[in-house]
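I opened the model to go through its fold, its surface and its confidence. My entries follow.

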Amino acid sequence: MDLVKSHLMYAVREEVEVLKEQIKELIEKNSQLEQENNLLKTLASPEQLAQFQAQLQTGSPPATAQPQSTTQPPAQPASQGSGPSA
């Protein structure tokens, strides 16, 4: 019985370590996305923000193919690793 218990405890500890690593990666990804979101909010025009808020309220998906009415180029985050971290 002790052998089963020790094996089970080892498996649980191993799973806890995997989950801790996943949590750490998700926290880092969340932080990166929050920074990107804040940057995009800063660079977006008031018309774009109003259009986005209207889409959120109606529940319609954001239209990515609609032409932009402003002359601003699309925002590109500078020197942030956009590749997968795992």
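What share of the residues of the chain counts as buried? I found that 2% of the 86 residues do, with buried meaning under 20% relative accessible area, exposed over 50% and partly exposed in between (1.4 Å probe, protein chains only).

I note that this is a predicted model, in which local features need pLDDT of at least 70 and side-chain atom pairs count only at pLDDT 80 or more, while totals for chains, interfaces and linings use all residues. Residues are numbered from 1 along each chain as its sequence is written, and side-chain values use heavy atoms, with hydrogens and water left out.

I looked up confidence next. The average pLDDT (the predictor's confidence in each residue, from 0 to 100) is 81 for the chain, and 71% of the residues score at least 70. Over residues 65–72 pLDDT stays under 50, and the model has 7 contacts for them beyond four places in sequence; contact means heavy atoms within 4.5 Å.

For secondary structure I list 2 helices and 0 strands, taken as DSSP runs numbered from the N terminus (helices H or I, at least four residues; strands E, at least two). Helix α2 covers residues 46–58, and its 13 residues reach 18 Å from first C-alpha to last, close to the 18 Å expected, that is, 1.5 Å times one less than the number of residues. Gly 59 follows α2 with a positive phi, near 80°.

Helix α1 (residues 2–43) holds Leu 8. I count Leu 8 as exposed because its relative accessibility is 51%.
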